[in-house]
Amino acid sequence: MKEVKLFLGPQHPGMHGNYSVHMYVDGDIIKKAYPLPGMLHRGFEKLMERRLWMGNIALIPRICVVEPDINEMVYAMGIEKLGNIEVPERAHWIRMIILELARIAIHLMSFGGIGGPTGLYTASYWSIADRDLILDIFEKITGARVYHMYIVAGGVRKDLPEGIEEEIIGLLDYLEKRLPEYEELILKNPIIHARLKDNILLPEEVVWELGVTGIGMRSAVDKEYDIRKVKPYARYDQVEFDVPFGPYSDAYTRVSYKPIEIRQSIRIIRQSLEKMPKEGPVRVKISTGSALRWTVPAGMVYPVIESARGEYGYLMVSDGSEMPYRIAVRGASYPQGLLGVEKYLPGHRIDDASLWMDTMGVCAPEIDR
Amino acid sequence: MTVDKSVFSPIRAWKYLIEKPVTIPKKLVFDTPREASDNYRGFHINDWTTCVGCGICAEICPTNAINMIEIDSLEQSTGNKPERPAIDYGRCSFCALCVDICTSDSLSMSKEYIHLSKDADTFYFLPESDGIHQIDFDKGYDRDEVSELLDLERYEIDETPIEGRNESFIEIIRGYSKEMAIAEASRCVECGVCTATCPANMNIPEYIRSVWTENLEEGVDYLYKTNPLSNVCGRVCTHTCETACVIGNRGTPVAIRWLKRYIVDNTPKEDFERVVLSNVSEKINGKVGIIGGGPAGLSCAYYLRTMGYEVDIYEERALLGGAVRYGVPEYRLPEESVKEDIEMIRKMCVNFITNTKVGRDISFEEIRNTHDAIFSGSGNWIPKKLKVINVDHKDIRFATKFLEESRDYSRDMGRMPEFEDDIIVIGGGDVSFDVARSLARLQKIKNGKINIKFIARKPIEFLAADQEEVVEGKEEGLELRLNRSPVEILVDENNKVYGVKVAKCTSKLSENGKAKTTCSEETEEIYAKEVFMSVGSDPDFEYFSKEMMENLEMDKNKIIVEENGQVKGYPWLFAGGDIVRGPDIITAVADGHKAAIGIDEYLYNREKI
Amino acid sequence: MKIISNNSKTDKEDMRKIWEKIGDYFRANSIWMKWYCTGCGAIELPPTMTSRFDMERLGMGPMATPRQADVLLITGYLSSKTLRRIIYSYEQMQDPKYVVGFGSCTINGGIYYDSYATMKQLDNYLPVDLYIAGCMPRPEAVMNGFDTLISMIKKGEANGWKHYKENYDWYSRNQLHSLGEVYVKDEFHE
Amino acid sequence: MNSMNSIYENLKSKFNILGVDYPDDMQMAIDLDEKDIHTVIVYLKSIGYTQLSMLTCVDWIKEGVFQLVYIVFNWDNGIHILVRTKLDRENPKFRTIVEIYPGAQFYERDVHEFFGVEFEGNEISYKNLFLELWDDMPPMRKDFDPQKYSDEKYAAREYKSKFISEVGGEK
Amino acid sequence: MNIMNFIYAFLLLVFVFLFQTSITGINRKVMARLQRRRGPKWYQQFIDIFKAMSKSSTTHGWIFDFGVIMALGGIMATTILIPIGPFKAFADVDNIFIVSYLLAVGMLGMAMSASGSGNPWASIGVSRALTNMLAYDVPFMVLIVSFIYAFKTSSLSGFAALQQGAGILGWNFFRFPLGGIVALICLQGMLGKKPFDSFIAPAEIASGPMVEYGGRHLGMLFLLHEFSTFIEVSIIVHIFFGGGATPLEFMVKYALLYTFMNIISGVFPRFKIDQAVKFYYKVPLALAFIQGLIIIFTGLGVS
């Protein structure tokens, strides 16, 4: 039988972001699949070499649109490691609050986002509206909704505004109240069970073969493989939280981990608000002089953090001048988004293609850079 | 995990059929869009009254969105460029780095965030205090000390400790260490406001950059492009550049003078010489005579030599340098430094004819006849006198003469000048502090204690002298009697000066930004054995012929010249330095440079004819 | 609050026929946008579409295919690779069709002004009916933008599609200059 | 730090390591000759460094070399090892590691596309992935000027705003 | 049959269009509520249809054009057979088989047209739509056949008349609860609402059959959709909810039933097409058989 060629994306409602997969299908079964990235390629790595260390903070959040803060954090960590800079205590905790709020935001979006490929739009409408409340908090703290440019090398850009703690706690309370409703709607939905259970498997060998990290890895290898646990950054070693893990990774498990992680993030934020020093400096200068002449000592380092999709890191090289020499981005979804699509999307049905992209966590901008 | 699926569980979502939606009402979207948060990064606003047009916002902008637009209605002034930033919203990423780095605190962002248009040109806009649509919005994002991107505090320079400083003429400032110099240089933002303010228009940002990049040879090259007395100016310049420095708007200005000095002090001598002498050209047909070996003359000589002219300098005193060598005390400008600078000029094969006073040892006409052009930078050496009673008393001493003596003493070329152990210094400018502080040192050396009263009309903040001088003078034991205007020199029956009668004054800032001083009837008497007066000086034009004196256009004892230093009516005569405008070394250097260019042009044109 | 450019043709006599006016009324109140997230501005579209801002109040909604869509949202930067596909999509759309440029990148390249992969001026390649300032524009700004677009359509001012037809040569010359080839070679990488 | 020292000692006893660097207390960077890369990576994989986090390249144009950086990660002890080697910039060729880490396939394609390094044995890496109809040198090389390329291809806007003519010229 | 019948038929069409489109519009608001938002204006659906009609459109060959017209014609022809309460344009032709047959003509016309567009997504969508039709038709026909057997009538108004007078409990839905459930499940499939909308699934096959339609073609498709929705819901209202003694009663029942189906659709995702077929052949078909056996052998509920 003749194979039909189909384009999943870039302008396909099932595709999140400007990404494309070419599928050769036989009936409803995908026989071959080729990822086609690069629609969002902007040459970040080149552009970063042409901007000041400080000026790059405008650029880096844009590498991953849905979760910008991790970029700022990795970049800041890299500079701090190269320059041996000690970040003030309070800044560490503020960073954790920001990062975890961001994690909630993206998990909420992708948890409700499962409504997109499956047709449960109500979930998407709810989750994005609730995510917007987090963006409101971000706006109050950082001055922008999406691209915060808040975590900078040496600390954070501004201290927390007054009274924001109560607002954050209020939001967390609200989310805790809402989460069961999401679970009723999504996780307990029999048709979601029918669609996701035992579908889109990710066996342990595949994890190691591709280099998948994050929820996908943890749900498959039954180990607590989370950068926050394995090599804690900021003050993750001083808060208590659990990371969900398990031995069997199907689409349902991966989706069901998201509310669990949201709850753990809420727990981390609550502890952070409690343990954080109530005042004190939040930023140290990374270098002498004006920002036009901030330099970072020469060296090469690979700072890495846990994003919502897994290990996220930059290879940062400095030659001691006022601009980075080279920054290479390891997008967390690079393995599953390229080799994963090519090797493991075939065999699934067309119906599952966008579900595959969704539950594997493929984020186009961080692949394209 | 408990198995939990039920057809009925999703149906619970139906409860939202009767609950209120979370949608933001249309009114809050369209009529009065929701107010953004307090530090929202909306559109830019710029307070034009505080903006200095430094252009740092354009410099830091990671998107190249900011262009500086020249505004015709604004005027260039110290520390102020007639330019204002225009922002391209086809570029801007709303990162607010421009706000964080704004040197004058004028740029900030409002809570306004809606601009829609079919016309792309409207997205390029010149922010003023009222936003893009001339609608008042609250201020959004603004810089605070955490988000600060400038380094506002000056890095400590190594100084001689205060104790014992007044016991000798050893230089106070020891200079920057390498780390400190680089740190200080990194504070510079390369705006170039200083360049416009510097009389010599030195390439300040460039040489500071060369300190930062540790390429001092390049720095020397930049220095000598506009100033051949870098060693001197690295120590005693009046540094109007630092007054203008935009970092000074919110912090302490970059120590431009000390960085210049750092370059000179830390470049290896042979490199220094190589760089400087590489500019010298082969001699061409043309000979210029220079009257006065002061900064103006030396500068003129240097640049004439780089252009290839033969140069003779006529100097009245035994050593070249003029005010530099005879007017500035050793503790500020050590002999070594002056020597180095002058030696460098001598090495360029400039003829130094010392101990030759024009008009006395050689006539002006003779110089005129043997040279193609003349540059005069003879300087101000005749002291001015205050209009007070008994001012013509023979025992009153004046700054120029005393400084000369004291300088000769400190370089072991003369004996210690005479002075009493109880002295009043009348003044207010830098020179008067030079006098007072030199006297203090001499007193300390001679008597072991200091007794000097310093009288000035104005309070500290309005004194003409550098604030540093005032502070250091105080530290060294001067007794400041400010806000007092002398009205009479007290002379006793033996015709001996015994003090000064002063009127009490008050000063306040007037509308034009200058201090206005008014003195009351109330007087007091301050007693001392000797009075030094240092209230300025006048030029000595003895060497000009009578006819010339009549023809020269003068304004308050200053010769009026063309932009290039050419004296009106005498195309072969150029003048510069104190006899033209004063009041400081760097102006003289600048005049010398300009005159050199003017002379070159004049001679070139003459040859053509 | 709403600023529409001054040089739009408000003062020009309204030449539309009555049925065109009626058609414009319907077209203004039911704008379907094409579901294509071209750039990072797309991240503010979900909030705009969903419950918090509820774009459907304006009669707008996403559509899966270019044939059904009325408005093409260029949500930010356009890499040359995307631009090829955008041109394809635009030409597939049915008249009348509108283009809205989101944020800095569509106007003058934005933060990617020196990137080798992104274009700077959208209106060199496609006729743009409205630009929205911001990087990226907030949902409120987006909503106001749509509102402005609606009133422009009602007044018959959103005529980019006519302009595209009339100046097709100019546009296609620009497209060819920047892209080399507009033709999408989808197989090249497989 | 101790554990990293022991890893280093261990590696040193087996391989010829040209240099070592500790950028962080959970990271180690080792420099190798290009012929040793494969054996070291195989060895590292066998002792627990089962994940290839990244493979990328740095262009040291002044030295005339490309530096390949393989970052491998051991999830159990949280240590990243940066395995580095230098290639001649004029004729950059290397052998693929796809048979060791299959995940390297697209990283190698990436490096080929942006630096022009060829990986023998990974045929697919010769095809461009991100850039369509690319017509210049590999763009991540240091001697490539993106501004120039961009200006030639994509014209910048020339604004005709009112204030430019009203208050003065653009500087 | 005289000229009045045709005038009635025309008025009926106009009425159905206005009524069903308004109901759709109101239901969009209801769905919006469920999603915690306000939703569009109630007459938005009219604007959408007229807008689509006012736009230009591309043709992909005569099959593409003809299919749409054929589908619309077929569906409109079906619509005029549907009684609204006691009102009928043509007496005695509201036979369930005629209705089903004409409905299928409409569906096939659309399938033909969509295939004519040549877009692979459309082909997949069409094949899914037809599969879907096959899936829900089997249990539904089993049910209908047993009803015809029990009530000895095959006309819609006949079914309705039999239930009237006995109050709410006299409705077939309550007399034959198993059958009622099967009918609702099948109705969900007929309407193409979730969980049985895999043939238009935007996230999977980019709206499936509609992928190449734009402008006027799309407008006709929308009309088609409104009319076929009306037919499908009406059938169920007549057979299971007692039709209407007055047009108003019918309209109220109709609106409630349609809204109910819609809010069910709002909280469920969609089945994959193979799952949908499996589901229909498992649960509703079994239930339909059981219901049929009960009717045939025990007569329970037939009274």
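This is a predicted model: local features need pLDDT of at least 70, side-chain atom pairs count only at pLDDT 80 or more; totals for chains, interfaces and linings use all residues.
Local features are given where pLDDT is at least 70, side-chain atom pairs count only at pLDDT 80 or more, and totals for chains, interfaces and linings use all residues. Residues are numbered from 1 along each chain as its sequence is written, and chains are lettered from A and ligands numbered from 1 in the order in which they are written.

I begin with chain B. Its secondary structure comes to 19 helices and 26 strands; helices (H or I, at least four residues) and strands (E, at least two) are DSSP runs, numbered from the N terminus. Along the principal axes, the C-alpha atoms of chain B fill a box of roughly 115 × 65 × 50 Å. Of the 609 residues in chain B, 51% are buried. A residue is called buried if 20 or more other C-beta atoms lie within 10 Å of its own, exposed if 12 or fewer do, and partly exposed in between, with C-beta atoms placed from the backbone. Among the contacts in chain B with a separation of 6 or more, 73% join residues 24 or more positions apart; a contact here requires C-beta atoms, placed from the backbone, within 7 Å.

Within chain B, helix α9 (residues 256-266) is mostly covered, with 9 of its 11 residues buried. The buried residues of α9(B) include Arg257(B), Lys260(B) and Arg261(B), as well as Trp258(B) and Leu259(B).

Buried residues account for 66% of the 190 residues in chain C. Residues 24 or more positions apart supply 82% of the contacts in chain C with a separation of 6 or more.

I turn now to the cores. In soluble globular proteins, nonpolar side chains tend to be buried together. A nonpolar core is a set of buried Ala, Val, Leu, Ile, Met, Phe, Trp, Tyr and Cys residues joined through C-beta atoms within 7 Å. The largest nonpolar core in this model has 511 residues, and Cys98(B), Val425(B) and Ile585(B) have the most contacts inside it. Leaving aside residues up to four places away in sequence, Cys98(B) touches Cys57(B), Ile60(B), Cys61(B), Ile66(B) and Leu107(B). Another core, of 5 residues, lies apart from the largest one, and Tyr116(C), Ala117(C), Leu129(D) and Leu131(D) are among its members.

Next come two contacts made by chain A. With chain D, 30 residues of chain A meet 29 residues of chain D. On the side of chain A that touches chain D, β8(A) gives the largest share, 4 residues. That side has 15 nonpolar, 6 polar and 9 charged residues. In this classification Ala, Val, Leu, Ile, Met, Phe, Trp, Tyr, Cys and Pro are nonpolar, Asp, Glu, Lys and Arg are charged, and the others, Gly among them, are polar.

The contact of chain A with chain B takes 32 residues from chain A and 38 residues from chain B. Helices α5 (121-142), α6 (164-185) and α7 (190-196) of chain A each give two or more residues to it, and α5(A) has the largest share, 4 residues. The chain A side divides into 13 nonpolar, 9 polar and 10 charged residues.

How do α3 and α4 of chain E pack? Helix α3 (residues 62-79) and helix α4 (residues 96-116) of chain E pack at an angle of about 165°, with their axes 7 Å apart. The axes are lines fitted to C-alpha atoms over the stretch in contact, and angles run from 0 to 180 degrees between N-to-C directions. α3(E) is therefore roughly antiparallel to α4(E), a term for angles over 145 degrees. The contact has 13 nonpolar, 7 polar and no charged residues.

I close with the backbone. Most residues other than glycine have a negative phi, and most peptide bonds are trans. The bond from Cys135(C) to Met136(C) is cis, with omega near -15°, and Met136(C) lies in the loop between β5 (130-132) and α5 (139-154) of chain C. Another cis bond joins Lys194(E) and Pro195(E), with omega about 5°. Met149(A) has a positive phi, near 50°, and is buried, with 23 other C-beta atoms within 10 Å. Asn483(B) has a phi near 60° and lies in the loop between β17 (479-481) and β18 (484-491) of chain B.

Technical notes:
Angles under 35 degrees count as roughly parallel, over 145 as roughly antiparallel, 65 to 115 as roughly perpendicular and the rest as oblique.
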